[in-house]
Amino acid sequence: MPRFSVIVPAYRVQAYLHESLDSVLTQSFEDFELLAVDDCSPDACGAVIDEFAARDDRVRALHLPENVGLGRARNAGIAQATGDYLLFLDGDDTLAPGALRAVADRIEETGEPDVLVYDYARTYWTGESVRNTFAEHLSQTGPTTFTLADRPGLLKVLMVVWNKAYRREFVEAEKFAFPAGYYEDTPWTYPVLMAARSIAVLDRVCVGYRQRRQGNILATTSRKHFDIFEQYDRVFAFIDCRPRLAPWRPVIHRRMLDHFCTLFTTRGRLPRGSHAEFFRRARAHCGRYRTPGAPAPHRARLRHGLIRLGARRTYRALWAAQLLHRRLRRVTAAVRRVLRAAALQAYYRVQLRLPVQRDLAVFAAYWHRGYACSPAAIEAKARELVPGLRTAWICRPEDAHTVPTGTRSITPGTYGYWRALARSGYLVNNVNFDRRLVKRRGQVLLQTHHGTPLKTMGLDLQNRPAAARGTDFGQLLANVDKWDFSLSANRHSTLVWEKAYPSASASCATLEYGCPRNDIYQRATADDVARLRESIGVPEGTLALLYAPTHRDYRRDQHSVLDLARVARDLGPGFVILARAHYSYGAQPIREPHPRVVDVSGHPSVEALALASDALITDYSSLMFDYANLDRPVVIHCGDREAYEAARGTYFDLHSCPPGAIAYSEAELLDVFTTGHWCGTRSAERREAFRERFCPYDDGYAAERVVRRVFLGETTAHPPVVPPALRRPAPAAGDPAQVPVPAPARAALPGDRQASTGLGLAGTRPTNLP
């Protein structure tokens with residue numbers, strides 16, 4: 001008997017059915033049966049289902065002789081189900097990766113509840129994904145199981161069938177079944193939640209609720225929307241047959257009226273000329289099922305009262321007035337924004353006429369994120385070395401806590417922001433300032449960049465539209481012409497910056513001084529590393545692998561290409577993975593939760609994460625150049641090499657000069673670790689050559705050299721560079737020799753580049769590797 005029976009009805013969803021069924025069959029939790037129900041669909045749904053059933057014995061194909069509708073198609077699946085729990089998924093929706101394992105774990109943790117409610121996200125054709133706005137009602141705090149009376153707020157979560165798992169014995173005992181018609185979820189979900197003796201929640205997005213441009217039955221104009229009345233008749237009949245559920249009658253009555261109001265005012269649902277009839281029937285239901293108690297919120301009382309009185313014209317007039325009021329508010333807000341922007345620019349023009357303050361320096365990084373990167377290292381050193389210097393940091397209010405005491409934080413777009421841009425003697429950023437910045441005589445602008453360039457940048461993106469994404473190259477050059485100094489970490493960076501960001505100003509100087517954000521790697525101690533590991537939660541005696549992929553220009557979905565949970569399981573308890581998403585997006589890189597996979601995307605300092613880790617797994621991220629300074633293993637995972645290089649392009653062949661082992665698939669990555677190549681001699685040799693080429697000035701004094709040149713006017717680079725052989729970077733905490741090595745990874749799968757003897761290290765390997 002399987003743990004789950006996943007029931008997927010299909011009708012006119014041929015374009016989406018492959019993805020829907022694949023999302024179930026590729027789950028890491030495999031103890032399930034998939035009941036795919038062809039509701040006599042006139043398109044290719046039946047053929048798609050048969051195709052899946054032929055290649056995977058977990059799929060059972062059910063073909064109905066006639067179209068019976070979504071509810072009865074689900075009933076056909078229930079009749080054939082043998083799993084402990086029933087799950088439903090519409091044929092155009094998808095299960096999130098790892099959803100079934102998360103559901104199974106939560107069911108076990110909560111003692112086999114009658115119903116488990118989990119979360120969903122609306123996924124739009126644009127690629128946008130928006131989580132349920134009532135997700136707070138799925139909080140896992142408090143008792144693990146409860147009844148609806150304990151948490152009535154759960155009714156605010158969308159009342160649909162597919163965001164819940166149902167114990168099959170409970171469903172059979174209560175004889176639950178779906179009726180015909182539209183809104184068939186209503187007489188299922190309300191009775192199920194009211195009757196359940198134990199309910200649990202899972203605060204995790206498990207379903208992608210596809211928002212199609214067209215084809216959604218409930219979004220079509222039809223008299224079938226009148227089915228809603230019969231569906232609520234069934235709900236109240238269920239309550240009337242069970243006296244213990246009587247307290248829910250006023251609550252369901254109120255929610256019924258809310259449902260009627262939504263349907264009545266939604267454009268394109270009710271056919272022309274049917275609104276009066278709908279309102280009359282709504283009034284009749286209001287009177288039939290009205291029960292004292294459970295008063296409606298204040299803003300809903302007027303709507304409910306008008307339905308009760310049958311005042312349709314008054315209702316529509318007030319609704320139209322409300323829409324007009326909202327539009328006027330939007331227009332007013334837009335006018336206010338325009339007036340405020342004009343006032344700010346007028347204020348800026350006034351500030352431009354006042355003297356430049358040579359004792360004031362303003363810093364920023366990553367488009368006004370927190371205190372970070374080379375500007376932060378330079379700011380700290382400038383406060384130490386430059387007498388009388390006042391510093392300020394431009395950042396969003398939510399990042400102000402990262403700014404150190406003694407440095408003023410400035411919110412972007414405020415009067416203080418424009419005053420700082422107009423009058424600061426020094427402007428330091430790792431990206432460009434606002435395009436409206438007027439560079440004044442007496443101001444010094446330092447561009448630090450943010451890392452050694454591997455991927456194509458600046459003007460070199462002109463022939464790469466996927467990566468350029470509408471970049472205004474004329475404005476880019478106008479910004480470059482404002483620079484006085486361009487900081488470079490190495491000769492490679494110097495050559496790239498001068499070509500990708502050519503300045504028309506003869507006074508713009510390149511400072512080949514090293515990368516100030518890397519100074520910390522030479523100055524941190526073993527105690528610092530231990531403290532950072534403890535704060536992040538790295539268990540003692542384990543090796544921490546920092547996984548930090550870069551942004552993919554050719555992909556809208558930026559989730560990790562690795563199944564991190566599976567990698568963690570295969571590597572064994574001696575390893576923990578610190579997953580760090582690229583700063584340009586907030587999407588969580590972890591597709592499936594695992595206790596030894598820690599999401600550190602929200603950590604304010606990638607340098608701290610590097611110090612806390614024992615090795616780096618990355619692809620084309622500039623972090624590899626920084627991490628090489630620690631002299632710790634680096635593993636490159638680049639299974640999408642061709643796609644990445646075609647979309648973005650690179651400045652040199654990473655595969656001919658890598659900082660360590662290279663893997664082209666997940667299986668090869670596992671082999672790198674199980675065979676010990678990640679920390680072997682060949683990997684160390686490559687890392688040393690890489691470090692000599694790209695880290696010649698990263699000796700812990702780069703920030704001081706920059707401050708002495710830019711702020712103090714010293715023309716000789718000082719202090720002198722410490723040779724690489726004499727540097728002593730912060731030691732790693734873990735010892736690979738003390739960690740148990742798991743069994744070698746599985747044999748290469750079809751499509752893998754090479755077997756484990758390749759890996760770009762020894763034996764057979766791509767011909768472009770040394």
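In this predicted model, Leu35 stands opposite Arg60 in strand E3. The two strands concerned, E2 (residues 32-38) and E3 (residues 59-63), pair in the parallel sense over 5 bridges; two strands count as paired if DSSP finds at least two bridges between them. From E2 the chain passes through helix H2 (residues 45-55) to E3, in a right-handed β-α-β crossover. A crossover is called right-handed if, with the strands pointing away from the viewer, the path from the first strand over the helix to the second runs clockwise.

Residues are numbered from 1 along each chain as its sequence is written. The model is predicted, so that local features need pLDDT of at least 70 and side-chain atom pairs count only at pLDDT 80 or more, while totals for chains, interfaces and linings use all residues; side-chain values use heavy atoms, with hydrogens and water left out.

Helices (H or I, at least four residues) and strands (E, at least two) are DSSP runs, numbered from the N terminus.

**The sheet of 7 strands**

- An open sheet has 7 strands in the order E12-E11-E10-E13-E14-E15-E16, with parallel pairing.
- Strand E12 (408-410) and strand E16 (509-512) stand at its edges with a single partner strand each, so one side of each has no neighbour in the sheet.
- From one strand to the next, the twist averages 25°; axes are lines fitted to C-alpha atoms, for helices over the stretch in contact, and angles run from 0 to 180 degrees between N-to-C directions.
- Strand E15 (residues 485-488) is joined to E16 in the parallel sense over 4 bridges, and Leu487 has Leu511 in E16 as its bridge partner.
- Helix H13 (residues 415-423) lies across strand E10 (357-364), strand E11 (390-394), E12 and strand E13 (424-429), and runs at about 105° to E13.
- Helix H16 (residues 491-500) lies across E15 and E16, at about 140° to E15; contact here means heavy atoms within 4.5 Å.

**The sheet of 6 strands**

- Another open sheet is formed by 6 strands in the order E19-E18-E17-E20-E21-E22, and the pairing is parallel.
- Its edge strands, E19 (597-599) and E22 (661-663), each pair on one side only.
- Neighbouring strands in this sheet are turned against each other by 25° on average, direction ignored.
- Strand E17 (residues 543-547) and strand E18 (residues 575-579) run parallel and are joined by 5 bridges; Leu546 has Leu578 of E18 as its bridge partner.
- Helix H19 packs on the sheet and touches E17, E18 and E19, its direction making about 160° with that of E18.

**Helix pairs**

- Two packed helices are described by the angle between their axes and the distance between the axes.
- Helix H19 (residues 564-571) and helix H23 (residues 666-674) have axes that come within 11 Å and cross at roughly 30°.
- H19 and H23 are therefore roughly parallel to each other; angles under 35 degrees count as roughly parallel, over 145 as roughly antiparallel, 65 to 115 as roughly perpendicular and the rest as oblique.
- The crossing of H19 and H23 is right-handed; a crossing is left-handed if the near helix is turned anticlockwise from the far one by less than a right angle, and right-handed if clockwise.
- Arg566, Val567, Asp570 and Leu571 of H19 make the contact with Glu666, Leu670 and Phe673 of H23.
- By class, the contact of H19 with H23 has 4 nonpolar, no polar and 3 charged residues; Ala, Val, Leu, Ile, Met, Phe, Trp, Tyr, Cys and Pro count as nonpolar, Asp, Glu, Lys and Arg as charged, and the others, Gly among them, as polar.
- Helix H6 (residues 186-195) packs against helix H7 (residues 227-240) at an angle of about 20°, with the axes 8 Å apart, which makes H6 roughly parallel to H7.
- The crossing of H6 and H7 is right-handed.
- Thr186, Pro187, Tyr190, Pro191, Met194 and Ala195 in H6 meet Gln231, Tyr232, Arg234, Val235, Phe238 and Ile239 in H7, giving 9 nonpolar, 2 polar and 1 charged residues in the contact.
- Helix H9 (residues 275-289) and helix H11 (residues 312-351) have axes that come within 10 Å and cross at roughly 110°, which makes H9 roughly perpendicular to H11.
- His275, Ala276 and Phe279 in H9 meet Arg312, Tyr315 and Arg316 in H11; these residues divide into 3 nonpolar, 1 polar and 2 charged.

**Backbone details**

- The peptide bond from His718 to Pro719 is cis, with omega near 0°, and Pro719 is found in the segment after helix H25 (702-710).
- Arg12, a residue other than glycine, has a positive phi near 55° and lies in the loop between strand E1 (4-10) and helix H1 (14-25).
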